[in-house]
Amino acid sequence: MKLSEARTGQRLCVVGFGQLGRAQLKLMDLGIVPGVEIKLLSRFLLGGPLLLQIGRTHVAIGRRIAEGILVEEVPEKD
Amino acid sequence: MQVPARIALVGQPNVGKSVVMNNLTGVGAVVSNYAGTTVEVTRGYTSIAGKMVEVIDTPGTYTLHSDTEEQRVTQRILLEEDIDLIINVIDSVNLARSLYLTFQLLDFGIPMIVAANQADRAAKLGIIVDASQLQEELGVPVVPMVATANEGTEELRKLIRYGGAVGRPIRFSEMLESTIRRLEGYIEQTTYSGGHSSRTLAIHLLEHDTVDEGILRSHPDLVKLIERLQTEMGADDPFCPNCFRGCAFCPAKGTDHPVFLTCIERTRKAREVASRVTRNTHRDRVDFMERLEEVLDHPVMGLLAMAFLAWASFRLITLFLGYAEDLVEWAMAPVASGLVRIIQALLPEGSLRSMLMESVPEGLVIPFSVVFPAMLAVYMFIALLEDTGLLARFAVALDRLAALFGLPGQSVIPVLLGFGCRAPAVMATRILPDRRSRFIATALIGVAVPCAATLGILAGVVVQFQANAFAIGATIVVAFVLIGLALSLLTAGEDTPLVLEVPPLRIPVVNNVVAKTTSRMKSFFLHVLPLLVVMNVVLRALLYTNVLTRLGALDPVTVRLFGVSGPAFAGVLITVFQRYLAPMVLLNLPLTAREATIASSMVALSFPCLPVTILSIRELGLSDTAKVFGIALLAPVIAALVLNLIL
């Protein structure tokens with residue numbers, strides 16, 4: 001699914017990218033690459049940005065970027 | 001081992017690099033623009049084993065591709081400035097991400113020391129970095145630091161004396177390595193001698209680095225090499241012959257995920273090494289700052305909290321200004337009377353003397369009592385916002401609002417800076433991702449953002465003539481919104497969406513805030529103050545010679561259209577040179593409250609001052625700056641016409 005469709009608090013794994021152009025490089029420099037686990041911390045109102053956690057880093061991304069990041073849900077380990 | 005002569009500090013944003021710089025060099029460091037760019041580079045000296053060593057603080061950058069000005073400047077410093085030692089400041093909390101840049105630096109083959117900063121925060125979060133194991137992995141000395149508490153600085157100094165070590169660059173997967181080897185072999189056959197090792201150049205070619213494009217242009221045989229490679233590349237090659245990027249699934253080959261192989265492998269290696277050298281102990285507790293972060297990052301509570309914060313700081317600044325003005329005036333009184341006595345003693349009696357006796361002290365006291373506290377308050381406020389990590393949060397929260405103006409959330413930063421001084425604000429538009437948002441931001445800053453100096457003197461005008469402060473404020477806000485909306489509609493292009501690291505909330509280091517504020521205030525004393533004094537003398541001279549009263553001849557036109565007298569209109573025109581000088585003219589004229597309100601509104605909206613104009617031309621070019629001036633011409637005229645009708 002697209003990251004923009006994920007629920008707040010969900011743990012996700014990045015599996016690929018849509019058509020993002022140069023923005024993809026920026027994401028990758030921040031450590032958002034396929035195979036990495038991220039967590040959706042917060043979504044701002046009215047189509048505002050999404051706040052992600054990658055490792056110990058928090059990154060805010062615009063809604064359109066979130067549509068270009070493909071993720072899968074990571075099942076909770078108990 | 002010889003003590004290095006020149007050290008470069010390199011690190012990602014938000015790792016505390018500037019604090020490490022401060023600890024090493026103290027207050028003597030000088031901030032300046034890197035030649036031909038707007039990127040600021042700090043240079044200072046430190047004494048190591050009795051030898052003066054130059055330390056260059058490079059701009060913070062996540063990576064060393066040549067995508068942004070910061071990345072290009074950092075690469076150029078490393079390649080062109082005879083750096084003997086790199087101090088790579090990394091964040092112990094975000095080790096995996098930090099090591100990504102560390103690996104790129106290792107490729108340069110320059111001796112290096114790694115400063116693992118923020119060890120205290122890491123420990124609090126239950127992260128323990130094994131420095132000696134990291135040292136083993138990288139092949140360079142590693143020193144744990146808590147720069148904010150000046151811990152580890154002595155250790156770092158000791159290591160600097162021994163010059164660091166050339167580490168071991170990482171090995172990529174065999175598929176990448178074989179291609180790198182092939183490229184290296186070709187490069188070694190050419191005349192290339194541009195500072196990179198052939199391996200580094202090969203990797204950069206794969207990553208399509210633009211600095212290396214520059215190198216290529218000056219080495220024709222390298223260009224031939226590329227042509228040769230392009231013909232050699234077969235269908236099953238992992239690299240696209242179109243661009244040399246390590247695209248595993250290049251669209252040119254029919255699949256849909258263009259991914260930089262080198263980036264992915266470097267990220268994976270960084271994560272591997274990071275997990276090998278860190279131990280996660282049981283963390284004691286979620287600390288107060290993190291709880292606060294949760295509140296601020298909440299979509300609803302965060303917005304409310306930040307609105308409250310903005311209101312509170314505004315109240316605080318106005319309170320501060322109220323007290324500061326009286327205090328400074330009282331403190332300046334002996335200076336002013338001293339100046340009067342000096343002029344009295346030096347000059348013979350006459351109109352020149354009485355003119356100077358009035359204008360020189362006034363030109364000094366007004367900037368100190370009105371402008372100085374305002375600039376101090378705004379600069380301190382901005383430094384605090386930056387150092388607490390709140391500025392980035394404002395940028396995120398306001399992203400949607402800014403989008404209405406065709407701007408990304410980061411524009412909060414240059415616009416806010418504009419309320420301090422608009423010259424650095426225009427330079428800060430560099431952080432915006434595309435030309436369109438840079439243009440809109442520059443236009444808004446140039447026309448609809450009054451700087452602290454202007455606001456300070458306008459406040460003086462309001463007090464003196466009992467002008468309507470609410471009307472002036474409303475005019476600025478309405479103009480800002482209308483210009484933003486109009487430009488967003490009129491300029492073509494999609495807005496670039498936000499990608500921004502949100503740093504953790506921190507308690508600011510007092511030293512760092514003070515250092516930032518003072519270095520920004522310095523330019524006020526050097527450039528603005530002398531101008532204010534000179535202009536005040538010129539103005540007094542104009543008043544004494546009755547030139548301004550003659551402008552009263554313009555009254556019929558200006559009063560009918562704008563509701564202000566001819567001389568006041570002339571005062572508005574003076575803003576072409578320096579906006580905050582205009583209110584100084586107004587202060588010297590007999591105005592009604594209504595006239596003062598309209599004239600002040602016009603001044604708050606008019607032309608960008610000379611420094612801002614020069615910077616705009618440099619950043620945007622002549623034609624876009626001309627457009628900004630067009631807006632600057634229209635905005636105050638329309639505002640005055642409207643105010644003349646409704647007030």
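The contact between the chains draws 32 residues from chain A and 29 residues from chain B, where two residues are in contact if their C-beta atoms, placed from the backbone, lie within 7 Å. This is a predicted model, in which local features need pLDDT of at least 70 and side-chain atom pairs count only at pLDDT 80 or more, while totals for chains, interfaces and linings use all residues. Residues are numbered from 1 along each chain as its sequence is written, and chains are lettered from A and ligands numbered from 1 in the order in which they are written.

On the side of chain A that touches chain B, the elements that give two or more residues are strand 1 (11-17), helix 1 (23-29), strand 2 (37-43), strand 4 (57-61) and helix 2 (63-67) of chain A; helices (H or I, at least four residues) and strands (E, at least two) are DSSP runs, numbered from the N terminus. Helix 1 of chain A gives the most to this side, with six residues. Sorted by class, this side of chain A has 18 nonpolar, nine polar and five charged residues, with Ala, Val, Leu, Ile, Met, Phe, Trp, Tyr, Cys and Pro counted as nonpolar, Asp, Glu, Lys and Arg as charged, and the others, Gly among them, as polar.

Six strands form an open sheet with antiparallel pairing, in the order 5(A)-1(A)-2(A)-3(A)-4(A)-10(B); two strands pair if DSSP finds at least two bridges between them. Strand 5 (69-73) of chain A and strand 10 of chain B stand at the edges, each with a single partner strand, so one side of each is left without a neighbour in the sheet. Neighbouring strands of this sheet are turned by 40 degrees against each other on average, direction ignored, where axes are lines fitted to C-alpha atoms, for helices over the stretch in contact, and angles otherwise run from 0 to 180 degrees between N-to-C directions.

Moving into chain A, strand 3 (residues 50-54) is joined to strand 4 by five antiparallel bridges, with L51(A) opposite A60(A). In the hairpin of these two strands, which has two residues between them, G55(A) takes a positive phi near 60 degrees. Strand 3 of chain A is also joined to strand 2 of chain A by five bridges, again antiparallel, and the facing residues include L40(A) with L52(A) and I38(A) with I54(A). The hairpin of strand 2 and strand 3 of chain A has six residues between the strands, and L46(A) in the turn has a positive phi of about 55 degrees.

Strand 3 of chain A is mostly covered, four of its five residues being buried; a residue is buried if 20 or more other C-beta atoms lie within 10 Å of its own, exposed if 12 or fewer, and partly exposed in between, with C-beta atoms placed from the backbone. Helix 15 (residues 390-397) of chain B lies across strand 3 and strand 4 of chain A together with strand 10 of chain B, running at about 140 degrees to strand 10 of chain B.

Elsewhere in chain B, the axes of helix 20 (residues 452-465) and helix 27 (residues 593-605) come within 9 Å and cross at roughly 170 degrees. These two helices of chain B are therefore roughly antiparallel to each other, a term for angles over 145 degrees. Among the residues that make the contact are L458(B) and V462(B) of helix 20 and A596(B) and V603(B) of helix 27, and the residues of this contact divide into eight nonpolar, two polar and no charged.

Two residues of chain B have a positive phi without being glycine. D82(B), with phi near 50 degrees, sits in the loop between helix 2 (69-80) and strand 5 (85-91) of chain B and is exposed, with 10 other C-beta atoms within 10 Å. Q118(B), with phi near 60 degrees, lies in the loop between strand 6 (112-117) and helix 4 (119-124) of chain B, yet is buried, with 29 other C-beta atoms within 10 Å.

Methods. Angles under 35 degrees count as roughly parallel, over 145 as roughly antiparallel, 65 to 115 as roughly perpendicular and the rest as oblique.
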